[in-house]
Amino acid sequence: MSSGSSVIVPARPVRSRRFRTTMRGQFTLVIFLMAFVPNLVMTVMARPALPSGAIIAWMVLVGAACVLVGFFLSGALLTPVSRLRREVMSGRFGEVHPDDPNEILALRAAFSALLERLRTEQARRNAFMATLVHDLKTPLIATGHLTKIITTLPVPDAERRMMGEQIQAETTRLLALVQQMADAHRFEQEDVQVRLAPTDLRAVLDEVAAGITTQAQERGVQVRVAGHGVAAADAPILERAVTNLAVNALRYAHTQVTLEVTASGVSVSDDGPGLPAPLDELAQPFNAQPTTIAGQQYTSGTAGLGLFIVRRIAQAHGGDLHYDRVPAPPPDGPDPPDPPLADPSLPTLTRFALSLPEVQP
């Protein structure tokens, strides 16, 4: 490097050092000032005929006494806080003491609520891991056995074809489950991003109905599409939500599933048994409790994934997911009434309604 060149060293940012105090120190200072300042003012105004050294010594003595009083009073005031700190560190802060002020009671309630949320979250995560191991490992083992049989043993073509179809079905189911878990985890951690555009809702329902036609025929269930309307929506994401509802309806329906465009959005109804618990309870991702629907038990962690995803998509569109039971219409009759009639003798349908703002006919 030439002698004429210079090196510029960037200056390090100067961090301001802020003096930190304790609450006891702050309380002590406040009590000291409240006690000492009046004494100082009175002494100055009285102008005693004493030597200045004696006055200064007296004021130092008064100041020391004020500091001691402030120190002990602040300790007494902060006793509930110090006790709560020790109890929080030991994990036992649920017990209420008679001398706890309202602020400490509010802190205890907040800590208890936070701990309960953490326990619930941990239980949900444990359920998710258990589901991931169970629902993915078991079918993969079965698929591995079938693959080994096909590749190592002489199997007739008909049986080989049947085993291949079983492998394909298991793979499709596993991919759907993984996608559902990934969607639920993503929708739980962040907002659903939608691109709203005028969307033909009937076209979305027709697409969903076409996608479940094969499953419906295998189960002997009739799929019907009704209604027309246009709304601002993200067609692919909305189709995913309706598909989740339609697949669930197809799983529990006895004879029919209806996809309908309504004045408030879209609805999916079926003549199945309905939900065994409130929607708010079931539409939770990675639910820690197993759920039984129509005699079929779903492992903890997967029961509410589909409904949770649908609700998040509906909320991203400015709407919500609703559930109710409505009377079944007579054969070839009008659609189920809204609101539902309260007659337990009539056959009922399970209806999920995904509301959307400003649906135009």
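Hi everyone! Let me start with a definition: a residue is called buried when its relative accessible area is under 20%. Phe32 comes out at 18%, so Phe32 is buried. Keep in mind that we are looking at a predicted model.

Now, where does Phe32 sit, and who is its partner? Phe32 and Phe36 both belong to helix H1, residues 23–46, and they are 4 residues apart, about one turn of the helix. Phe36 has a relative accessibility of 15%, so it counts as buried too.

Next to the rings themselves. The model has 3 aromatic pairs by the rule used here. In one of them, the ring centres of Phe32 and Phe36 are 5.2 Å apart with 10° between their planes, so this pair is stacked. Another pair is Phe71 with Phe72, which is edge-to-face, at 5.8 Å between centres and 80° between planes. Phe71 is partly exposed at 40%, while Phe72 is exposed at 58%.

Let's step back to the whole chain. It contains 10 helices and 9 strands, and 34% of its 361 residues are buried.

Finally, how confident is the predictor? The mean pLDDT is 79, and 80% of residues reach 70 or more. Residues 1–11 stay under 50, with 1 contact beyond four places in sequence. Residues 298–303 are also below 50, yet that stretch has 25 contacts beyond near neighbours in sequence.

How values were computed. Residues are numbered from 1 along each chain as its sequence is written. This is a predicted model: local features need pLDDT of at least 70, side-chain atom pairs count only at pLDDT 80 or more; totals for chains, interfaces and linings use all residues. Side-chain values use heavy atoms; hydrogens and water are left out. Helices (H or I, at least four residues) and strands (E, at least two) are DSSP runs, numbered from the N terminus. Buried means under 20% relative accessible area, exposed over 50%, partly exposed in between (1.4 Å probe, protein chains only). pLDDT is the predictor's confidence in each residue, from 0 to 100. Contact means heavy atoms within 4.5 Å. Rings of Phe, Tyr and Trp (its six-membered ring) pair if their centres lie within 6.5 Å; planes under 30 degrees apart count as stacked, over 60 as edge-to-face and the rest as tilted.
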